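Work through the exercises below with the sequence and the 3D view open. Try each task before reading its solution.

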Amino acid sequence: MILRESLRQLFSGIVALIFLISHVNASAGDRLPEFRQCVEECDYTCQHIITDQRVAASEPIVQFHGKWPFYRFLGMQEPFSVFFSLLNFLAHQNGLSKITSNIPASYTLRKYYVQLAYFGMASWVFSMIFHIRDFSLTEELDYFAAGASVLYGLYYTTIRLFRMDLGGKKSKSILRAWTVLCISIFVAHVTYLKWYNWDYTYNIVANVVVGVIHNLMWTWFSFEKYRKSGRAWATWPGLVVAWVLVAMSFELLDFPPLWGCLDAHSLWHLGTVAPTIIFYNFLLKDAQDDIAGTRLKA
């Protein structure tokens, strides 16, 4: 509880610091709500005037500021991305409920699965906020939260597959070193993006590399677990990895939003809901199997 509260306070401090820094170089007039609203509304209106003209002239729809022109709904800039992000949040929340309800607190991996759910829920909250309105601050928080969630995926995967949660003094030292390394990597990642170079390509590559590594680890684990046990649920991590890879193809097959609101990026978010649910079911099955095996050995 003390660690969780400390992390919460640290994260709140980081958010406040980023917010303050983002306003340092802005003029007083730039921060006036009426001025911001005027600029945003003019930009939004112009985008759709130009888009309507291009469609009428049978010309292709183009992006503005690196984004497709969306029609707002209830003030939301990208409504389907917001809704599908909410579904992902609920999937993690449901997973958290399953973990806390069905895995005893004494199980050493339980706390890592609980933290997985919290990282997942936080990342999708910031995704919702970013897709509601795209500001520099909401973009940064979305990217940083997503990066933290992906890196945590590698962190807990390594702990589970190599059972760093078990063992004596040496194992605990290795676990501490692994924890410090992951925290250092994330701090370096945020520092580089925030204070040196806001590089979209680097951010994508960094997340993909980390994601691919722990997806390959789970694929290997799934194959070995099924080969040894023959149990169908052991194949679920491999299924999840394959599903996510297919869902990622939507990001590559970018296209103008259908009806002005449903684009490839939102479909990518939709595609990650079911795999999340399946994976929490796997973690539950895996934990129960591990606990049963431990009791038999005892």
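**Exercise 1.** Find the network of salt bridges that contains Arg163.

*Solution.* Arg163, Asp165 and Asp290 are linked in this network. A salt bridge is a side-chain nitrogen of Lys or Arg within 4 Å of a carboxyl oxygen of Asp or Glu. The model is predicted: local features need pLDDT of at least 70, side-chain atom pairs count only at pLDDT 80 or more, and totals for chains, interfaces and linings use all residues. Residues are numbered from 1 along each chain as its sequence is written, and side-chain values use heavy atoms, leaving out hydrogens and water.

**Exercise 2.** Work out which parts of the chain Asp290 and Arg163 tie together.

*Solution.* Start with the contact: the two side chains form a salt bridge at 2.9 Å, N to O. Next, place the residues. Asp290 is in helix α10 (residues 273–297), and Arg163 is in the loop between α5 (136–161) and α6 (169–196), so the pair joins parts 127 residues apart in sequence. Helices here are DSSP runs (H or I, at least four residues), numbered from the N terminus. Last, check burial. Arg163 is buried, at 19% relative accessible area (buried is under 20%, exposed over 50%, partly exposed in between, with a 1.4 Å probe and protein chains only).

**Exercise 3.** Trace the salt bridges of Asp289 to Lys225 and to Arg231.

*Solution.* Take Lys225 first. Its closest N and O atoms with Asp289 are 3.2 Å apart. Lys225 lies in helix α7 (residues 200–229) and Asp289 in helix α10, so this pair ties parts 64 residues apart in sequence. Now take Arg231. Here the closest N and O atoms are 2.1 Å apart. Arg231 sits in the loop between α7 and α8 (236–252), so its pair with Asp289 spans 58 residues in sequence. Finally, compare accessibility: Lys225 is buried at 19%, Asp289 is partly exposed at 22%, and Arg231 is partly exposed at 39%.

Definitions and conventions:
Helices (H or I, at least four residues) and strands (E, at least two) are DSSP runs, numbered from the N terminus.
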